[in-house]
Amino acid sequence: MIQESQKDRSILVKFDHVGLSYDGVADILSDVDMVIRDGDFRFLTGPSGAGKTSLLKMIYLAQRPSTGAVTLFGENVNQMPREQLPLMRRRIGVVFQEFRLLEHLTAFENVALPMRVQGVNQNEYAQDVTELLTWVGLGDRIFALPETLSGGEKQRVALARALVAKPDLILADEPTGNVDPIMGERIMRLLVELNRLGTAVIVATHDLDLVRRMKKNILRLKGGRLTLHGPLKERTHKPAAGQDQGAAASRSAMGAG
Ligand SMILES: Nc1ncnc2c1ncn2[C@@H]1O[C@H](COP(=O)(O)OP(=O)(O)O)[C@@H](O)[C@H]1O
Ligand SMILES: [Mg+2]
């Protein structure tokens, strides 16, 4: 019997008719249905204020849905006993736009922190921490303090920290928002490489140029609703005259031509 290959991959996250309202009046998100499977890579796009961060928060259990059901690793979050939440959270690594490193700890100690919090012995995680920092290109900055690191370096420390507990799913919320474009590209490539090695990844971003280059599937938030698209098409750099009306319109809107 022929089966779609995606049916064979286990479901990590499932949203059924999920709605979110912070004040009980206005809906930020409504009727959101989605499935994230093992090995998926998704860009979560939409303008500022569209609800990208809110949606990610419901996945990493920092926000409960107002309506509908969120299922994480096969368990309904609403029915989960409180003491089970930390175990669920450990299976998810999160990277934030503003890095959230502890300034008085070295890169090594920041990456090691999730393991220390779990009470793991240093000799059990030290090699992993060093390998992760080397993988993100910071093998020579292992004992640096955050204040001596650039934005791109801090974000790579934050990525290593998100990975140290070997999560099944990585969520990155505007990970390139505070780094320069070249470093943004490098961080995206690390996330793509990580996904190739088997970890599911969701990246929230409003940087459509970056999304376009990566050719990955897109979850698009608009008006509180979610739609799934294939990858955005790459823009041709030099459109023939009259063939790219969007580019022509934006050029004229900028007063050029
Ligand atoms: N904790 C909160 N309390 C009240 N309103 C919030 C809260 N967090 C976000 N919002 C509002 O929800 C909407 C979506 O925000 P957010 O999820 O941060 O969007 P995005 O990440 O796409 O920019 C915005 O209008 C924002 O002001
Ligand atoms: Mg946001």
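This is a short exchange about a predicted model of one protein and its ligand.

Trainee: What makes up the protein's secondary structure?

Mentor: Nine helices and 10 strands. Of the 257 residues, 30% count as buried.

Trainee: Why is Leu-55 called buried?

Mentor: The cut-off is 20 or more other C-beta atoms within 10 Å. Leu-55 has 28, so Leu-55 is buried. Leu-55 is found in helix 2.

Trainee: How far is Arg-196 from Gly-39 in sequence and in space?

Mentor: They are 157 residues apart in sequence. In space, the C-alpha atoms are 7.7 Å apart.

Trainee: Which residues does Leu-55 contact, leaving aside its neighbours within four places in sequence?

Mentor: Leu-29, Leu-44 and Leu-221. Contact is judged on C-beta atoms, with a cut-off of 7 Å. The C-alpha atoms of Leu-55 and Leu-44 are separated by 9.3 Å. Those two residues are 11 apart along the chain.

Trainee: Which residues of helix 2 are buried?

Mentor: Helix 2 covers residues 52-59. Its buried residues are Lys-52, Leu-55, Leu-56, Met-58 and Ile-59.

Trainee: How do you know that they are on the same side of helix 2?

Mentor: Look at the arc around the axis. They cover only 155°, which puts them on the same side of helix 2.

Trainee: What comes just after helix 2?

Mentor: Leu-61, with a positive phi of about 65°.

Trainee: Which sheet has the order 2-1-4-5?

Mentor: An open sheet of four strands, with antiparallel pairing. Its edge strands are strand 2 (29-37) and strand 5 (75-76).

Trainee: What makes those two edge strands?

Mentor: Each pairs on one side only.

Trainee: How do you know that strand 1 and strand 2 pair?

Mentor: Pairing needs at least two bridges. Six bridges join strand 1 (residues 11-20) to strand 2, and the two run antiparallel.

Trainee: What is the order of the six-stranded sheet?

Mentor: The order is 6-7-8-3-9-10, in an open sheet with mixed pairing. The edge strands are strand 6 (92-96) and strand 10 (225-229). Neighbouring strands are turned by 20° against each other on average, direction ignored.

Trainee: How many residues lie between strand 9 and strand 10 in their hairpin?

Mentor: Two. In the turn, Gly-223 has a positive phi of about 60°.

Trainee: Why is strand 6 called largely enclosed by the rest of the structure?

Mentor: Four of its five residues are buried, so strand 6 is largely enclosed.

Trainee: Which residues surround ligand 1?

Mentor: Tyr-22, Ile-28, Gly-46, Ser-48, Gly-49, Ala-50, Gly-51, Lys-52, Thr-53 and Ser-54.

Trainee: How does that shell divide into nonpolar, polar and charged residues?

Mentor: Three are nonpolar, six polar and one charged. Gly counts as polar here.

Trainee: What share of the protein's contacts joins residues at least 24 apart?

Mentor: The count takes contacts between residues at least 6 apart in sequence. Of these, 69% join residues at least 24 apart.

Technical notes
Residues numbered from 1 in each chain as written. Chains lettered and ligands numbered in written order. Predicted model: local features only at pLDDT ≥ 70, side-chain atom pairs only at ≥ 80, totals over all residues. Near = placed C-beta within 6 Å. Buried ≥ 20, exposed ≤ 12 C-beta atoms within 10 Å, placed from the backbone. Contact = placed C-beta atoms within 7 Å. Arc of directions from axis to C-beta. Axes fitted to C-alpha atoms, helices over the stretch in contact; angles between N-to-C directions.
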